[in-house]
Amino acid sequence: MIPQQDSEFDSNCLKPYYGKLFPYADIFKWMSYGHDGKHPGCDQSYFGRREFSFTLNGDFYLRFQSYNNALELEKAIKEKCPLKIDIGPVHTVDPAKRHAYAQSDNNVFTPVERELIFDIDMTDYDDVRYCCKGADVCLDCWPLMTIVIKVIDTSLRDDFGFKHILWVYSGRRGVHCWVCDGKARRLTNEQRASVADYFRVYKGNENSHKKVSLMGAALHPFLATSYTNVLKDYFEKVLLTRQNLLATEERYEKILSMIPDESIASELRGKWQDSRRSSSAKEDINIVRREQCKQLLQSGKHKSQGLRRCVEEIVFCYTYPRLDMEVSKHMNHLLKAPFCVHPKTGRVCVPIDPNRCDEFDPTTVPTVFQLLEELNNEGLRADVNGERSGTSLGNSVTLFRSSFLEPLQKGSKEEIERSYNLKLQQSKNSIGW
Amino acid sequence: MEVVRPQSHRNLFSSNDAVSAPTIPLYRSAPPLEVRLEDFESFAIDRLRVLKGISDGLSRGKKPDEMEKLVKDLWKMNMRHQHASEVLNKDIISHFVLRLVYCRTEDLRKWFLSMECALFRYRFRFLTTEAQRAIMDEFDLTCKAVNNVEFESIKEKLGQVARSMGQPSPTVDAIFYKVPFEEVPELVARRQVFISQGYAYVAMNQVVSLVATLFRSQLSKTLVLTNRKWTSSIREQEKHRLTPIVEALSSSYLGPDFSQPREYAEISLKDIDQVAKSSFPLCMRHLFDKLKEDHHLKHGGRMQLGLFLKGVGLNLDDALAFWRAEFSKKVGLEKFEKEYSYNIRHNYGKEGKRTDYTPYSCSKVISSTPGAGDHHGCPYRHFSEENLRAALSRMGVNSRAMEDVMDKVRNRHYQLACTLTFEALHGVQCDAGINHPNQYFSDSQKILQPKKDSAA
C-alpha cells in the first residue's frame with residue numbers, strides 16, 4: 001500500500017522540486033510541436049495559445065494561463081508553486097486575452113487542437129478487485145493497468161495508425177494516455193467520442209449482473225486480438241490467483257451470476273460448496289474451479305444462445321480496460337501534466353514505457369521527499385542535465401526524451417515542412433503565369 | 001429556375017452526359033432551366049407518385065430487395081420522358097418543385113426528406129462503381145475501393161467484423177472501401193468496421209448509409225432555407241401562377257377519387273343497412289351506427305359520411321331521404337328541411353358554387369381531429385384500445401387478427417390496421433392496401449357481389 005502523506009506535503013517540498021527537478025525545457029519542447037521559430041513554416045503563436053491551469057494551496061484554481069516561451073512558463077511555475085498543473089487545449093487565440101475577443105459576435109475563442117487523451121482510474125475496477133479498495137493500489141491489482149496499456153496502446157498504433165503516444169502514471173491509482181500525432185490533436189469531439197466508444201465494452205453499474213455482453217457469431221478483430229494476446233493470459237495466469245476470484249462463496253457467486261444457464265450455475269455451485277475442504281493443496285483452488293467452469297460452459301452439452309460467449313464475457317468483465325469516456329470526448333477537458341507531484345501520495349507522475357509496462361511498479365515510483373533527499377545527499381553535482389540525473393528522476397526524463405519527445409519532434413518538424421511546401425505549391429499554382 | 005408559358009422551350013442545361021453515364025443529381029442548386037408551366041405541375045405529380053409509392057412500400061414493411069424492385073419500377077413508370085435527354089431535367093425540376101411544396105411545414109418536410117432519402121439510397125445502389133465514386137467525391141468522401149490483393153490479406157478480419165454483426169462473411173466479389181477512420185465515426189464507435197493503420201474498411205451497404213446520411217443532412221438544411229424563401233417572397237410573387245399549384249400538390253391523393261360512382265357500387269336506400277354491416281370500413285360504420293343511435297351527427301361527421309355515401313352510389317334523392325329519416329326523429333321535418341337539406345344538396349354540387357365535392361381519402365380522414373361530440377376521423381387513430389377492440393369485435397374480427405391490427409395501431413400504421421381488418425373480415429389478401437374508404441367499400445362489394453349473383 002502506498003502511504004498517505006498529506007500532512008507533510010506542502011510547498012516546502014514543491015519549491016525545491018520546481019526549483020531543480022521539474023523538466024521545463026522538455027515540457028516546452030513537447031507543447032511546441034516543432035514550432036520553435038527555426039523554420040519559416042513555424043507558427044510563432046502556437047505555444048502561447050496553449051491553456052494551462054494551476055491548482056494552488058487552499059484550493060485556488062487559476063484557469064486560462066498561457067505563456068509565450070519556456071522561460072515564462074518556468075517563471076510562473078516557480079513563482080506560484082502549484083499543487084497541480086493541468087494542460088488544456090490550444091485555442092484560436094491566447095487564452096489570457098480571450099475576453100478581448102469574446103466581445104465580437106463570432107465567438108472566436110475556441111479550442112483548435114488538443115491531444116487525444118485517456119484517463120484510467122483503478123476505482124472503476126473496485127467490483128473486480130479484492131486486494132484494495134478506493135485510492136489504494138498494490139501489485140496484485142496493478143496488472144489491470146498493465147492490461148490497459150497493452151490493449152489500448154496496441155490498438156492506437158495498429159488500428160488507428162497513431163505513433164506518438166505517451167503513457168503516464170497518474171501518481172496514485174491509475175494511468176493517463178496522451179496521443180500527440182497531429183491527426184489526433186485535430187480530431188473533432190465527435191471523432192474523439194467514436195474512438196472512446198470503439199474501446200468501450202463494459203457497460204454496467206451496481207444494478208446490472210451482466211455488464212459485458214458480447215453478441216454475434218464472432219468477436220470484432222480488435223476484441224478477439226485483445227482477448228487472445230492479453231486478456232486471456234492475464235486472467236488465467238495472474239488475476240485468477242492473485243485476486244482469488246473463485247476462492248470464496250461471495251466471490252464465486254459473482255461469477256456464477258454471470259452464467260445465464262441456471263442448471264450449469266447450480267451444478268458448479270454444488271461442486272464448490274462441497275469442496276470447502278482443501279482438496280489437494282497442490283493446485284490452486286481458483287485454477288481448479290476455473291477449469292470446471294470452463295469445461296461445463298464449453299462442453300456443448302447445454303446448448304443455449306447466451307452460453308456461446310460466456311467464458312469470454314467473464315474474462316472481459318474482470319480484465320478489459322474501463323476508460324473514463326467523458327475525459328476523451330471533449331477537446332476542452334483538462335488533464336494533469338506529466339512530472340507533477342501527486343498531492344496525496346507525493347509520487348511523481350512519471351512516464352511508463354508501454355513496451356516494458358509489465359515491469360512497472362507503482363510502489364517504487366520516486367516520491368518528492370525521496371528525490372529531495374537524494375538531491376541533498378548527492379551534493380551539488382551539476383552536469384549537463386542539472387542535478388536531476390543524479391536522482392531517481394533522471395531515468396524517467398531520459399525515457400520521456402528518447403522514446404517520446406525526440407521522435408515526436410522529428411515528426412512534428414516534418415509535418416510543418418510538408419504543409420509549408422504544400423502552401424507554397426498552392427500559391428504558385430494560383431498565380432499561374 | 002424560370003417558369004415560362006407553353007411556347008418557349010429553350011434548354012440551357014446540356015444533358016447529353018446524362019444518358020450515357022446515368023447518375024443521380026445532388027440537387028444542390030436550382031439549375032438555370034426554363035420550365036413550361038404545364039411541366040411544372042406534371043413533372044411534380046409524376047415524382048410524387050414515385051415518392052408516395054415508396055411511402056406505401058415502406059409502411060407495408062417491404063423487405064429491402066422488394067423495395068429495390070419497387071423503386072426501379074416506380075421510377076421507370078413515372079419519370080421517363082419522350083426525349084431521352086430530358087430525363088435528367090425532369091428529375092431535377094420535379095425535385096425542386098416538390099421542395100417548394102413540401103418545405104412549408106415540419107410534417108411535410110419530414111415526409112419529403114424521408115422519401116427523397118429512401119429514393120436516393122435505392123437509386124445509388126443501381127449506379128456503376130464509377131458513378132458512385134463520383135458522387136462520393138461530390139461529398140468529399142475520400143473513399144478508395146480496395147483492390148483484390150489487399151482484400152485477400154484482410155478477408156478474414158472483414159469476415160470477423162461481419163459475423164460480429166450477425167451478417168455473413170463477405171464473398172469474393174464484395175466491394176469494400178478504404179476511408180480514413182475520421183470520416184466514419186458512427187461505424188467506428190459501434191465497431192462495425194475493421195480498422196487498420198488509421199483506415200476503416202467500409203462495406204458497400206455501409207458506404208450507401210454514409211452517402212445517404214450526407215445527402216439527408218444537405219437536403220434537410222436546404223429545405224429550411226427554401227421554406228424561408230417561400231414565405232418571404234415566392235409565395236406572394238407567384239400568388240396567381242405557381243402558388244395555387246404548389247398548395248394543391250401536397251394534399252393530392254393520387255388514386256381514383258370516387259366522384260363518379262361505379263356501376264356495381266350503386267346502392268339504393270333499402271340496401272344501406274345491409275351494406276353498412278358488410279362493406280363499410282370502420283370509420284363509416286361508426287358514423288352510420290351513431291347516426292342510427294342518436295339520429296344526429298355533427299358537421300364533420302355529416303361531411304365524411306355524406307360524401308362517402310355519394311361515392312358509394314347513393315343518388316341525391318335517396319340521400320335526402322336517408323338523412324331526413326334519421327334527423328327528423330330528433331329535430332323534426334321542418335328543421336331538417338330548413339337547416340340540413342341545403343348542405344346535402346351542396347355536397348352533390350346542386351347549390352352555391354356547384355363544386356362537386358369528392359369523398360375523403362384515408363389521409364384526409366386520418367388527419368382530421370374530432371372534438372367533443374364528434375364521431376368522424378379515423379377510429380384506428382382516435383379510439384382508445386378498449387373501444388377499438390370492442391368495435392372491431394362487433395364487426396366480426398377474430399381475436400388473432402385483432403392482435404395484428406392492434407399491433408399496427410400501436411405503431412401508428414392506421415391504414416395498415418384497416419387493411420388487416422378488411423382481410424380478416426373478407427378472408428382475402430388486400431395487396432393494394434386501403435387508401436380510401438370508398439375503395440374499401442368497392443373492393444368489399446367486388447368480393448361479396450359475385451357470390452350474391454351466383455347464389456341468385
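**Figure 1. A:Tyr17 and its contacts in the predicted model.** Leaving out residues up to four places away in sequence, A:Tyr17 touches A:Phe22, A:Phe339, A:Val341, A:Val348, A:Val368, A:Leu371, A:Leu372 and A:Leu393. Contact means heavy atoms within 4.5 Å. This is a predicted model: local features need pLDDT of at least 70, side-chain atom pairs count only at pLDDT 80 or more, and totals for chains, interfaces and linings use all residues. Residues are numbered from 1 along each chain as its sequence is written, chains are lettered from A and ligands numbered from 1 in the order in which they are written, and side-chain values use heavy atoms, with hydrogens and water left out.

**Figure 2. The largest nonpolar core.** A nonpolar core is a set of buried Ala, Val, Leu, Ile, Met, Phe, Trp, Tyr and Cys residues joined through side-chain atoms within 4.5 Å. Buried means under 20% relative accessible area, exposed over 50%, and partly exposed in between (1.4 Å probe, protein chains only). Which residues touch the most other members of the largest core? They are A:Tyr17, A:Trp30 and A:Phe199, out of 196 residues. Helix 8 (residues 221-242) of chain A gives the largest share, eleven residues. Helices (H or I, at least four residues) and strands (E, at least two) are DSSP runs, numbered from the N terminus. Another core lies apart from this one and has 27 residues, including B:Ile272, B:Leu305, B:Phe308 and B:Phe441. In soluble globular proteins, nonpolar side chains tend to be buried together.

**Figure 3. Four cysteines of chain B from a UniProt record.** Under "binding site", an unreviewed UniProt entry lists B:Cys283, B:Cys362, B:Cys378 and B:Cys418. The lining of the largest cavity includes B:Cys283, B:Cys362, B:Cys378 and B:Cys418. UniProt positions are given in the numbering used here, feature names are shortened, and annotations may be inferred rather than shown by experiment.

Figure 4. Buried or exposed: which is B:Cys378? B:Cys378 is buried because its relative accessible area is 8%. B:Cys418 is buried too, with a relative accessible area of 8%. Leaving aside neighbours within four places in sequence, B:Cys378 is in contact with B:Val365, B:Ile366 and B:Tyr414. Not counting residues up to four places away, B:Cys418 touches B:Pro281, B:Tyr380, B:Ile434 and B:Tyr440.

**Figure 5. The largest cavity.** On a 1 Å grid over the protein atoms alone, a cavity is a set of points where a 1.4 Å probe fits but cannot get out, and a pocket is an open set with protein on both sides within 12 Å along at least five of seven lines; lining residues have an atom within 4 Å of a point. Grid points are joined across faces, edges and corners, and a volume is the space filled by probe spheres set on the points. The whole structure holds five cavities of 30 Å³ or more. The largest cavity has a volume of about 100 Å³. Of its 13 lining residues, the closest to the centre are B:Cys283, B:Cys362, B:Cys378, B:Tyr380 and B:Cys418. Helix 16, helix 17 and helix 20 of chain B each supply at least two lining residues. By class, the lining has twelve nonpolar residues, one polar and no charged. Ala, Val, Leu, Ile, Met, Phe, Trp, Tyr, Cys and Pro count as nonpolar, Asp, Glu, Lys and Arg as charged, and the others, Gly among them, as polar.

**Figure 6. The second largest cavity.** This cavity has a volume of about 70 Å³. Its lining residues are A:Phe235, A:Leu246, A:Ile255, A:Arg290, A:Cys293, A:Lys294, A:Leu297, A:Val311 and A:Ile314. Which helix gives the most to this lining? Helix 11 of chain A does, with four residues. The lining divides into seven nonpolar, no polar and two charged residues.

**Figure 7. The second largest pocket.** About 810 Å³ of space lies in this pocket. Among its 35 lining residues, B:Leu187, B:Ala203, B:Asn205, B:Gln206 and B:Ser209 are the closest to the centre. Helix 9 of chain B gives the most to the lining, with seven residues.
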